[in-house]
Amino acid sequence: MAYYNPEPQQTPDRPAKVGILLANLGTPQAPTARALRPYLQKFLMDRRVVEIPRFIWCWILHFIILVIRPAKSAEKYASIWTSEGSPLMVYAQRQKVLFEAQLAAALPGLCVVESGMTYGEPAIKRAIASLKAQQCDRILVFPLYPQYAASSTAAALDAVWRVLLKTRNVPAIRTIRDYHDHPQYIQALTSKIKAYWQQHGQPEKLVMSFHGVPKFHLQKGDPYYYQCLESGRLLAQSLDLAPNQYEIAFQSRFGRQEWLQPYLATTLESLGKQKLNRIDVVCPGFSSDCLETLEEIAMEGKHLFQSAGGGDYHYIPALNDDPAWIDAMRVIALQHLQGWIADEAGETKAASP
Ligand SMILES: C=CC1=C(C)c2cc3[nH]c(cc4nc(cc5[nH]c(cc1n2)c(C)c5CCC(=O)O)C(CCC(=O)O)=C4C)c(C)c3C=C
Ligand SMILES: [Fe+2]
Ligand SMILES: [Fe+2]
């Protein structure tokens, strides 16, 4: 069997294009234990996600976690599944179509966009193959994680490198590391939240919830924690919130290790005990709604807050397919395409690689 992936047919007469790979986490194919098992196995075997020595972790994963968790997680996925499929996948496809249309308007005929998942389908390998087949000799990898984390961004980049290691004709590659403080990203969040408040009124407190990671990632040099704090600070500033009008917390703890604190569950319980009349929760680190926002935040979080004595609880949806977010994606991408596209006499066209 050939070691290298097959190359697409060479067509030197067709102009080369710029590919943009929207890298995302991935989601199971169906809300069933059978579909959850291979998804969780691939996800949780990634050293970027779980750093426990392989010998010990293989046993724990295969004989405990993959026996119990698939059925439990499948039940949660079933509660958020839509007629079109998993929300993460539905929004990934919409973002791809809308973003491609925005780029086509700005740079006619130059860019091709594909969505690729770190775990599951459509895999990053398939996305790169498709971009290469569409004459892309330059690829910009755009992870849909505003804050850089080794366990999300670097895991997606690893998947790209693995494909390139087996590629004969390697395209030029650029990556977007993070955009946690990008003005357009903060503005897209601000306008989403303000529009929500115009419709539903304003809460006593806004809780900004970010996906957690083990605390030792921070201690070993992962900048994720500080980037979350900075996104939260900038968002609060843009919303004109005083320090006592918002909280930042970390959700989705997995296992027994200490994760980034404060934990969202503890924050919600404490706000409930303080008998707040209303809180709103927003998840600035998630570019689209998914299991972690729709089930853990919108459902479980509400239960935690209200059973501790809290009043109204609103979940403000993620950026999803909002025009302001798609526009922000265009601005962020164009900034990273400098030198690959040339602006001459007001016209934007391809530059030689
Ligand atoms: C085991 C440790 C995990 C780390 C570290 C982690 C980091 C991390 N995850 C996201 C984004 C998402 N995670 C999602 C689901 C999910 N996450 C973990 C575990 C870790 N994540 C698991 C086991 C799961 C699967 C669901 C479950 O069984 O609980 C999702 C949702 C996917 C979907 O299909 O909807 C997202 C998105 C980030 C950004 C991150 C590091 C910052
Ligand atoms: Fe996660
Ligand atoms: Fe979760």
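Guide: Serine 252 is partly exposed, because 17 other C-beta atoms lie within 10 Å; by the rule used here, a residue is buried if 20 or more other C-beta atoms lie within 10 Å of its own, exposed if 12 or fewer, and partly exposed in between, with C-beta atoms placed from the backbone. This is a predicted model, in which local features need pLDDT of at least 70 and side-chain atom pairs count only at pLDDT 80 or more, while totals for chains, interfaces and linings use all residues. Residues are numbered from 1 along each chain as its sequence is written, and chains are lettered from A and ligands numbered from 1 in the order in which they are written.

Visitor: Where is serine 252 placed, and what is its phi?

Guide: Most residues other than glycine have a negative phi, and most peptide bonds are trans. Serine 252, however, has a positive phi near 65°, and its place is in the loop between S6 and H9; helices (H or I, at least four residues) and strands (E, at least two) are DSSP runs, numbered from the N terminus. Asparagine 320 is another residue that has a positive phi, about 45°, without being a glycine; it lies in the loop between strand S8 (312-316) and H12 and counts as partly exposed, with 18 C-beta neighbours inside 10 Å.

Visitor: Which residues does a cis peptide bond join, with omega about -5°?

Guide: That bond joins glutamate 121 and proline 122, and proline 122 is found in the loop between S2 and helix H4 (124-133). A cis bond also leads from glutamine 261 to proline 262, where omega is near 5°, and proline 262 has its place in the loop between strand S6 (246-251) and helix H9 (264-273).

Visitor: At which residues does UniProt place the feature "binding site"?

Guide: The unreviewed UniProt entry places it at His211 and Glu292, and such positions are given in the numbering used here, with feature names shortened and annotations that may be inferred rather than shown by experiment. Although they are spread over 82 residues of sequence, these positions cluster in space, with a largest C-alpha distance of 8.1 Å. Histidine 211 is in strand S5 (residues 205-211), whereas glutamate 292 is in helix H10 (residues 291-294).

Visitor: Is histidine 211 buried or exposed, and which residues does it touch?

Guide: Histidine 211 counts as buried, because it has 26 C-beta neighbours inside 10 Å; glutamate 292, with 20 such neighbours inside 10 Å, counts as buried too. Two residues are in contact if their C-beta atoms, placed from the backbone, lie within 7 Å. Leaving out residues up to four places away in sequence, histidine 211 touches Gln251, Ser252, Gly285 and Glu292, while glutamate 292 is in contact with His211, Gln251, Ser252 and Phe286.

Visitor: How is the packing of helices read, and at what angle do the axes of H1 and H2 cross?

Guide: Two packed helices are described by the angle between their axes and the distance between the axes. Here axes are lines fitted to C-alpha atoms, for helices over the stretch in contact, and angles run from 0 to 180 degrees between N-to-C directions. The axes of H1 (residues 33-44) and H2 (residues 54-80) come within 8 Å and cross at roughly 130°, so these helices are oblique to each other; angles under 35 degrees count as roughly parallel, over 145 as roughly antiparallel, 65 to 115 as roughly perpendicular and the rest as oblique. Residues that meet across this pair include Leu36 and Leu40 in H1 and Leu61 and Ile65 in H2.

Visitor: At what angle do H3 and H12 pack?

Guide: Helix H3 (residues 87-106) and helix H12 (residues 323-336) pack at about 55°, with their axes 9 Å apart, which makes H3 oblique to H12. Among the residues that make the contact are Leu98 and Phe99 of H3 and Ile326 and Met329 of H12.

Visitor: How many helices and strands does the protein chain have, and what share of its residues count as buried?

Guide: The protein chain has 12 helices and 10 strands, and 39% of its 353 residues count as buried. Its C-alpha atoms fill a box of roughly 70 × 55 × 40 Å, taken along the principal axes.
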